Amino acid sequence: VFEAQYTPGTDSQLVSIAAEVELLDADGLFFPGSLKDASRFAGNLSREQRKRLPLLGLGTWDNPRELRKSQSILNGAMFVSPFDVNSERDVVKRFLEAYSRKFGSEPDFLAAQGFDAATLAIAARRQALAMSVPYEEALRNIDIYDGLTGTITVSPSGEIERNFEVLELASGKRERVEIPKQIEAVTPSYIMRGDDLVDNTRDSNAREPY
């Protein structure tokens, strides 16, 4: 019902757009800009409109330090999280503990993404050997993987698709938005074996780990 453009960092344009947004009757507003610009924009909206119209943002908004600076203005905002280190999911907690024990630091998105990618690649390789099929076919046979960086599926064409977690800023806290899953996903189980972090997942059909 509404679309507008602005030049990043141009406050006058944000003020003008905010005045138009005040008249909107919509369920949400996607703001594909920086967290700083989003805060400036929301600051020009009335308190009533901020309550009615949640801002939907980017993965770059998942910055706890920056969010604390704008927690009142951006209360109710929702955004994707490439890797939520504060997640209550047991699999994430175990990964954080194992990674920190091995490397002496907290993992970031790249570490989690790398682990998910390696886990999928190894699973496909094992299935390829066990079933005597090409690696590409084994990879496409992986239905769904509930990884550290979101739910990952492999399309028939071999493309990797991922649904990131969605977080909401509520009363100064980043809370996970529960989205019902249509398909039960395999969740990895991580253990320490010696000094190595390994995936210990097995499914009920004794297939290779995802």
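Asp 84 touches Val 92, Glu 165, Leu 167 and Arg 174, leaving aside residues up to four places away in sequence; contact here means heavy atoms within 4.5 Å. This is a predicted model, in which local features need pLDDT of at least 70 and side-chain atom pairs count only at pLDDT 80 or more, while totals for chains, interfaces and linings use all residues. Residues are numbered from 1 along each chain as its sequence is written, and side-chain values use heavy atoms, with hydrogens and water left out.

**Around Asp 84**

Asp 84 sits in the loop between strand 3 (78–81) and helix 5. Helices (H or I, at least four residues) and strands (E, at least two) are DSSP runs, numbered from the N terminus. Is Asp 84 buried or exposed? Asp 84 is buried, at a relative accessible area of 6%. Buried means under 20% relative accessible area, exposed over 50%, and partly exposed in between (1.4 Å probe, protein chains only).

The side chain of Asp 84 has two polar partners, tabulated here. A polar contact is a pair of N or O atoms within 3.5 Å; within protein, one must be able to donate a hydrogen and the other to accept it, and residues adjacent in sequence count only if both atoms are side-chain atoms.

| Partner of the Asp 84 side chain | Distance |
|---|---|
| Arg 174, side chain | 2.9 Å |

An open sheet of 5 strands runs in the order 1-2-3-7-8, with mixed pairing. Strand 1 and strand 8 (173–176) stand at its edges with a single partner strand each, so one side of each has no neighbour in the sheet. Two strands pair if DSSP finds at least two bridges between them. Strand 7 and strand 8 pair in the antiparallel sense over 4 bridges. Leu 167 has Arg 176 of strand 8 as its bridge partner.

Strand 5 (residues 150–154) and strand 6 (residues 160–163) also pair in the antiparallel sense, over 4 bridges. Thr 151 is bridged to Asn 163 in strand 6. Their hairpin has 5 residues between the strands, and Gly 158 takes a positive phi near 95 degrees there.

**Helices**

Helix 2 (residues 35–42) is mostly covered, with 6 of its 8 residues buried. These are Leu 35, Asp 37, Ala 38, Ser 39, Phe 41 and Ala 42. Their cover includes helix 1 (11–21), strand 1 (29–30), helix 3 (47–52), strand 2 (55–57) and helix 4 (64–69).

Helix 5 (residues 90–103) has 14 residues, which at 1.5 Å a residue should span 20 Å; its end C-alpha atoms are 20 Å apart, so the two agree. The expected span is 1.5 Å times one less than the number of residues. Val 91, Val 92, Phe 95, Leu 96, Ala 98 and Tyr 99 are buried in helix 5. Gly 104 follows helix 5 and has a positive phi, near 75 degrees.

Arg 126 belongs to helix 6 (residues 109–131). Arg 126 counts as partly exposed because its relative accessibility is 39%.

**Nonpolar cores**

A nonpolar core is a set of buried Ala, Val, Leu, Ile, Met, Phe, Trp, Tyr and Cys residues joined through side-chain atoms within 4.5 Å. The largest has 21 residues; Val 21, Leu 29, Phe 31, Phe 41, Leu 55, Trp 61 and Leu 74 touch the most other members. Helix 1, helix 2 and strand 7 (165–170) each give two or more residues to this core. Another core, of 11 residues, lies apart from it and includes Ala 128, Tyr 145, Ile 152 and Val 154.
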